[in-house]
Amino acid sequence: MPIFDTHAHYDSGAFQSDRDEVLSALPAAGVGLVVDPGCELESSRAAIALAERYPFVYAAVGIHPSDCAGTGEAEFAALGKLCHHEKVVAVGEIGLDYYWKDNPSKEFQQMVFRRQIELALERDLPVIVHDREAHGDSLALVLDYPELRGVFHCFSGSPEMAETLLKRGWYLGFDGPITYKNAQKAPEVVAITPLDRIVVETDSPYLSPVPLRGKRNDSRNLPYIIEKLAEWKGVSPEELTRITWENGLRLFSRIRNVESGMGKHF
């Protein structure tokens, strides 16, 4: 069964020297699908370019909270146009980041987040949410949009926050940090998360799992994350791979439409 990496930044400069080599190697390594989320307009366009070049790569378009300074009507309009591309399957990576002190103000981040949520709803797309040190505001903001769907990427909130999101139909993304020794909340969150709401991510080139922590990450490292989740959920890695593949296709439902047009049937 192939693996679905639902969050990897292959447009990143960290892959500048060997991007094609890495991406070309993924199918033979068992990676069947990848979603590459943009972090501003330039990287969103780069993600689309990769999706056009590699059949198994899909793009998300969005403005990350750390990159949202100066965002205005022109940027929102440009994002709206990018959403029409057939291989754009989500609006993201969007959200709130209160960790970095030089990020734009909380109020400005929230405005940009809301505008992109509204864009996703207009385009009938899910969202990929970045939430760092902003759990309360992130949760309150998405709950203002009952019809919104998507994934909290690299989920780091409490079990109580997870429970609220799960009741609303959200997915939770799990990455390399669940393999770290200090992953104290992760087992509790995974315990209450139904198998059909889990998606797996690398966040490449970041967040490499143990035993590769500190090295550049890529989708070939997903088995380490899958093995840890399978252990916690009491299923085989093969079963978790199958389930998370189906979950990813359900979350990013536009993929099935594109693939069926190409004669593929998932």
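Phe4, Trp245 and Phe252 come together in one aromatic cluster. Welcome to this predicted model, in which local features need pLDDT of at least 70, side-chain atom pairs count only at pLDDT 80 or more, and totals for chains, interfaces and linings use all residues. Residues are numbered from 1 along each chain as its sequence is written, and side-chain values use heavy atoms, with hydrogens and water left out.

**Aromatic pairs**

The structure holds seven aromatic pairs. Rings of Phe, Tyr and Trp (its six-membered ring) pair if their centres lie within 6.5 Å; planes under 30 degrees apart count as stacked, over 60 as edge-to-face and the rest as tilted. Two of these pairs are set out here.

| Pair | Centre distance | Plane angle | Kind |
|---|---|---|---|
| Phe4 and Phe252 | 6.3 Å | 50° | tilted |
| Phe152 and Trp170 | 5.3 Å | 70° | edge-to-face |

The Phe4 and Phe252 pair links distant parts of the chain, 248 residues apart: Phe4 belongs to strand S1 (residues 3–5), and Phe252 to the loop between helix H9 (237–251) and helix H10 (254–261). Helices (H or I, at least four residues) and strands (E, at least two) are DSSP runs, numbered from the N terminus. Buried means under 20% relative accessible area, exposed over 50%, and partly exposed in between (1.4 Å probe, protein chains only).

Phe152 in strand S6 (residues 150–152) and Trp170 in the loop between helix H6 (159–167) and strand S7 (171–174) are 18 residues apart, and their pair also links distant parts of the chain. Phe152 is buried at 1% relative accessibility, and Trp170 is buried with a relative accessible area of 2%.

**Charges over rings**

Here a charge sits over a ring if NZ of Lys or CZ of Arg is within 6 Å of the ring centre and within 35 degrees of the ring normal. The charged end of Lys87 sits over the ring of Tyr58, 4.3 Å from the centre. Lys106 lies over the face of Tyr98, 4.7 Å from the ring centre.

**A loop residue**

Where is Ser236 found? Ser236 is in the loop between helix H8 (222–233) and H9, and counts as partly exposed because its relative accessibility is 34%. Its C-alpha is 9.2 Å from that of Ile226, 10 residues apart in sequence.
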